[in-house]
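I opened the notebook to look up two chains, one after the other. The entries below follow the order of my look-ups.

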Amino acid sequence: MDLTNDRTSINFALRLRRLLIRASGSIFVWSWVIFSFAILGWIIVAAFKRNDTVFADLWALPDSAEVGNFGDAWGLLNLTRTSINSLLTVGGGTLLTMALAAPAAYALSRVGFRGASGLTGFFALGIGIPVHSIIIPLFLGLSEAGLSNSLLGLTITYVGVSIPFAVFLMTGFFRSLPTELEEAATMEGAGPVRIFFSVMLPLARPGMVATSIIVAVGLWNEFLLALTLTFDEDKRTIGVGLLNTFGAMRYTSNWVGLFAAVVIMLAPLIVLYTWMSRRIIEGLTVGATK
Amino acid sequence: MASISLRGITKRFNDGGPEALSTVDLDIQDGEFVVLVGPSGCGKTTLLRIVAGLETATEGHMLIDGKDISKVRPGDRDIAMVFQNYALFPHLTVEENIGFGLRIRRTPKVNRRERVRETAALLGLESYLDRRPGELSGGQRQRVAMGRAIVRHPVAFLMDEPLSNLDAKLRVEMRAEISRLQRTLASTTIYVTHDQTEAMTMGDRVVVLDKGVVQQVAKPSELYQHPANSFVARFIGAPMMNLLRGSWTDGQLQVGGSRVEEFRCILERDDGDDVGDVRDLLVGIRPEHVHIVPAENGQAVVTGRVALVEHLGKEAQVHLDVDKGSVASETGILVATVDPADAPEEGTMIGIGFDHDKAHFFDTASGKSIRTQPLG
């Protein structure tokens with residue numbers, strides 16, 4: 001009888017402990033979600049207000065939607081030019097990064113040549129190098145190469161700083177794919193290059209998509225390199241354009257214009273994440289439970 | 001099709017490490033179906049992978065039709081393999097999976113389509129050609145994997161436990177189908193399994209492996225009736241052979257401490273000479289050759305209590321709890337297969353006797369089989 005009571009109270013204590021741990025984790029996550037949505041929601045709502053009322057009542061909805069703010073923001077951001085520049089550098093940078101990272105990751109994870117694990121570590125080390133520590137040599141190097149203040153120079157730099165992470169992520173993904181598929185292809189007469197393009201790359205699509213999105217989002221939000229390595233107005237990316245908008249706002253107090261500019265900059269990312277969230281999760285977690 | 005010869009195949013995964021395979025010599029005739037069987041870790045899959053070229057042997061050679069192909073790339077050996085998990089390409093259709101090898105070899109599209117469709121018809125896959133592996137059942141996937149192997153008309157087929165992922169009923173069906181296909185194609189086939197039922201029903205010859213060493217190579221009936229050692233004796237046959245401790249003294253057989261009356265055989269070593277006067281040995285008796293007798297009967301060689309009776313319809317398996325010193329088994333259980341009508345009640349004390357001419361004898365130390373000759 002006593003043993004049964006002891007067992008029951010131990011089970012209850014264990015269950016309560018698990019419940020508390022799960023609950024505290026949920027509270028933390030949901031708090032962060034609510035906070036993030038609150039900030040985003042506030043900016044979106046504020047972008048439709050007027051400058052004279054935006055701070056009068058922080059949480060009030062606008063009396064009427066001032067869509068003209070977005071027109072102002074378009075002009076402030078020089079959005080036509082900056083968005084094209086961002087699309088070129090981010091799009092080009094992402095494509096080139098994946099074109100280089102995918103075969104590199106496959107070779108590192110599957111080909112098994114001497115020094116592969118050292119090289120993988122070398123790439124992983126690259127993730128830990130802060131871009132701030134290399135900005136001066138980067139600037140000098142690009143100047144020497146005649147690539148400073150150019151979209152090409154910025155794109156190449158974007159590729160260089162994105163490859164470590166992309167290789168790291170893709171290596172994990174390739175490792176999760178079953179080796180029998182390569183062996184089956186080998187038995188059918190396929191060589192390594194054919195196996196990579198016909199078998200492994202198509203199977204790596206979820207990982208490629210997830211990695212591409214993460215790289216692209218990071219580059220879209222990137223600011224320091226774009227600010228430092230480009231200085232002509234027609235070379236500015238959207239993130240630097242936002243800085244200009246902020247600078248202009250200090251003189252014009254056009255807060256709502258600034259908020260509208262932020263919304264314009266965030267909109268593609270929100271759409272991308274919403275549309276591709278399942279693929280991102282799939283790509284990041286596919287190897288986790290194997 | 002072709003003959004395959006393995007000469008002195010040895011495999012060590014690490015320098016100086018233990019041998020996964022030890023000096024395997026094997027000749028497989030053109031069109032023969034050879035089964036490699038053994039417990040997990042015995043080296044059967046490693047041997048198959050060496051034949052495929054997916055692993056390299058540390059020592060030894062492999063020949064196909066007399067030609068040494070030890071250094072030839074897997075894709076150039078003209079051997080097809082069916083993997084345990086089928087290894088179908090999930091992003092390709094059934095048609096594309098089956099025709100993958102033909103496409104690599106640049107077979108013209110028209111020929112490729114025709115051969116794929118012929119193979120699909122042979123395997124009953126015609127209506128599934130546009131589907132992807134994810135839309136197929138286990139048995140269908142297995143057929144696609146076989147189709148991919150068959151379509152190339154290779155010189156040999158290698159199959160690595162292709163039925164292990166199927167349910168019991170499907171396994172029985174596919175076993176028959178594979179055997180039928182092999183006979184239709186007259187293909188040289190090496191088949192790996194841990195299931196001794198598959199080995200016994202499918203193979204022209206069976207290679208029993210244990211710890212990287214070939215224990216015996218023989219026809220299934222030969223393995224069953226004349227196992228070369230106690231390992232083969234216990235591995236082949238279900239339920240497994242009972243091994244009782246015995247001795248051979250002054251031409252008399254003692255089992256479980258009791259003299260076996262009217263044992264009219266002599267025991268011989270391999271060279272034909274009598275084994276001598278005193279020798280500890282193991283007496284192997286298959287469950288179907290065990291008789292149940294009353295415990296107090298003088299013919300009972302061991303007695304014990306009935307621990308479990310399993311009724312299987314056409315027969316009953318009686319599990320007898322005997323003195324652990326009498327049997328070479330950790331559990332101390334001896335199994336007899338009897339007619340259901342003769343099955344005793346659980347808990348009763350019974351004795352067992354056996355058919356003398358069906359008994360097998362093994363050296364206790366080496367496990368090697370000891371031959372018997374009937375007297376008079």
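Two residues count as in contact if their C-beta atoms, placed from the backbone, lie within 7 Å. I looked up such contacts in chain A between residues at least 6 apart in sequence, and 80% of them join residues at least 24 apart.

I noted that this is a predicted model, in which local features need pLDDT of at least 70, side-chain atom pairs count only at pLDDT 80 or more, and totals for chains, interfaces and linings use all residues. Residues are numbered from 1 along each chain as its sequence is written, and chains are lettered from A and ligands numbered from 1 in the order in which they are written.

Chain A has twelve helices and zero strands.

For extent, I found that the C-alpha atoms of chain A fill a box of roughly 75 × 65 × 35 Å along the principal axes.

Then I turned to chain B. An automatic or database domain assignment sets the bounds, and chain B is divided into domain 1 (4-234) and domain 2 (239-374). Their C-alpha centres lie 38 Å apart. Seven residues of domain 1 of chain B are in contact with ten residues of domain 2 of chain B.

Last, I looked up a sheet in chain B, where strands pair if DSSP finds at least two bridges between them. Five strands form an open antiparallel sheet in the order β16-β20-β17-β18-β19. Its edge strands are β16 (290-294) and β19 (333-338) of chain B. Four bridges join β17 to β20 of chain B, and T303(B) stands opposite G351(B) in β20(B).
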